[in-house]
Amino acid sequence: MLRCCAENENGQTDRKSAAKAGAGKIPGARHREREKAMIRDITLGQYYPADSVIHKLDPRVKLAGTMVFIISLFAFRSVSAYVVATLALAAVIHISKVPLKFMMRGLKSILMLLMITVVFNLFLIPGTPVLHLWKLTVTKEGIETAAFMAIRLVYLILGSSVMTLTTTPNNLTDGLEKALRPLGKIHVPVHEISMIMSIALRFIPILLDETDKIMKAQMARGADFESGNLIQKAKNMVPLLVPLFISAFRRANDLAMAMEARGYHGGEGRTKMKPLVYASRDKAAYAVMAGYLIVMFAASRIMIFGF
C-alpha cells in the first residue's frame, strides 16, 4: 500500500513537471501550429468529395465555366455586373456543397499579393486627389481601380477553387485534353501538356505533406523558422528547402521509372477507361453560362453610384 501511494505521488509529480515543461514550450508550439496552418491554407490541387450537381458535371463544362467567369470579371467593369458575378459565384459554391470556410482558406496564401496590388493601385494611379499622405497621393481613380482589382483577385481564386475542389486530377486531365484536342492538328502536344498539369496538381498536396514532415523533423532538431530578420529567416529555410528539393526530384524519378515500366509512350493510340460523354445536365450548364453572359452584359449597362 505504501508503495502504491508512493507511485501515485510520483506519478502526480511527474504529470505536474510535464505540465510545467509543456507550459514553458507554448511559444514554440504556437509557431508550429502557425506553420502547419499556413500549409493547410493552400487548397490548390486538393479535391473535396461531395454528392453535388457540380461534382457530377463534365470536366469540360467546368473548365469552360471557369474561363467564362474569369473573362467576365475582366471584360465588365461596373458595380451592377459585379453584383451579378457575386450572386452567381455564391450560388455555384452553395450548389457544390463545398464549405465556404474551406474555400476562404485558400485566400490566405495570396493575402500579401492582394495587399501589394491594392497599395500600388492606390498610390500610383493618377487622377482626382482625395487624400495626401506625406509625398503620396490617393486618387479617386486609384481607389476605384484598387477595389476592382481586389475583387477580381478574390473571385478569381474562389472561381478556380470551385473547379479544382469538385474535379479529380484524372477527370481534369481528361477534360483538358479533350477540350484542346483540335490543337493537335497543328502539332500542339495536347496530351503531354495535360499530363504535365495533372502531375503538377497531384504533386502539390504530396509536397505540402512532405514539407510538414520535414518541418517537424527540423524543429525537433532545434531549427527555428520564425526568429531573426529577413536575411536570417531566408538562411533558416535552407534546412527545409534542401531536403524538400531532394525529395521532389526523387519522387519525380520514381514516377518516370514507373511510367516507363508500364509501357507509357505518350497519348498516341491510348484509350480511356471512362470516356467523357455529355449528359443533359452538361447541356443545361452551357445554357446557364450563356444566360450568365447575357445578364452580365445587361447589368454592365446599369450604373450604380456612378460606376
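Reader: In this protein, how much of the contact at a separation of 6 or more comes from residues 24 or more positions apart?

Author: Those pairs account for 75% of the contacts in the protein with a separation of 6 or more. Contact here means heavy atoms within 4.5 Å. This is a predicted model, in which local features need pLDDT of at least 70, side-chain atom pairs count only at pLDDT 80 or more, and totals for chains, interfaces and linings use all residues. Numbering starts from 1 along each chain as its sequence is written, and side-chain values use heavy atoms, with hydrogens and water left out.

Reader: OK. How many helices and strands does the protein have?

Author: The protein has 13 helices and 2 strands. They are DSSP runs numbered from the N terminus: helices are H or I with at least four residues, strands are E with at least two.

Reader: What percentage of the residues is buried?

Author: Of the 307 residues in the protein, 30% are buried. Buried means under 20% relative accessible area, exposed means over 50%, and partly exposed is in between (1.4 Å probe, protein chains only).

Reader: Helix packing next. At what angle do α5 and α13 pack?

Author: α5 (residues 79-96) and α13 (residues 280-299) pack at about 150°, and their axes are 7 Å apart. That makes α5 roughly antiparallel to α13. For the angle names, under 35 degrees counts as roughly parallel, over 145 as roughly antiparallel, 65 to 115 as roughly perpendicular, and the rest as oblique. The axes are lines fitted to C-alpha atoms, for helices over the stretch in contact, with angles from 0 to 180 degrees between N-to-C directions.

Reader: Which residues of α5 and α13 meet there?

Author: From α5 you have Ser-80, Ala-81, Val-84, Ala-85 and Ala-88, and they meet Tyr-292, Val-295, Met-296 and Ala-299 in α13. By class, the contact of α5 with α13 holds 8 nonpolar residues, 1 polar and no charged. Ala, Val, Leu, Ile, Met, Phe, Trp, Tyr, Cys and Pro count as nonpolar, Asp, Glu, Lys and Arg as charged, and the others, Gly among them, as polar.

Reader: And α7 with α8: is the crossing left-handed or right-handed?

Author: The axes of α7 (residues 111-124) and α8 come within 8 Å and cross at roughly 160°. That makes α7 roughly antiparallel to α8. Their crossing is right-handed. A crossing is left-handed if the near helix is turned anticlockwise from the far one by less than a right angle, and right-handed if clockwise.

Reader: What classes of residue make the contact of α7 with α8?

Author: That contact has 9 nonpolar, 4 polar and no charged residues.

Reader: What about α10 and α12, at what angle do they pack?

Author: The angle between α10 and α12 (residues 238-261) is about 140°, with their axes 10 Å apart. The two are therefore oblique to each other. In this contact there are 13 nonpolar, 3 polar and 2 charged residues.

Reader: Switching to α9. Which of its residues are buried?

Author: In α9 (residues 169-179) the buried ones are Leu-172, Thr-173, Asp-174, Gly-175, Leu-176 and Glu-177. They pack against α4 (59-75), α8 (140-165) and α10 (190-220).

Reader: What does Pro-59 touch?

Author: Leaving out residues up to four places away in sequence, Pro-59 touches Thr-167, Asn-171, Leu-172, Gly-175 and Leu-276. Pro-59 lies in α4 and is buried, at a relative accessible area of 5%. From Pro-59 to Thr-168 is 109 residues in sequence and 9.0 Å in space, C-alpha to C-alpha.

Reader: Now the strands. How many bridges join β1 to β2?

Author: There are 4 bridges between β1 (residues 129-133) and β2 (residues 136-139), and the strands run antiparallel. Two strands pair if DSSP finds at least two bridges between them. Leu-133 stands opposite Leu-136 in β2. β1 and β2 form a hairpin with 2 residues between them, and Trp-134 in the turn has a positive phi of about 60°.

Reader: Which loop holds Lys-97, and is Lys-97 buried or exposed?

Author: Lys-97 sits in the loop between α5 and α6 (100-104). Its phi is positive, about 65°, although Lys-97 is not a glycine. Lys-97 is exposed, with a relative accessible area of 51%.

Reader: And where is His-187 found?

Author: His-187 is found in the loop between α9 and α10. Phi of His-187 is also positive, near 65°, and at 74% relative accessibility His-187 counts as exposed.
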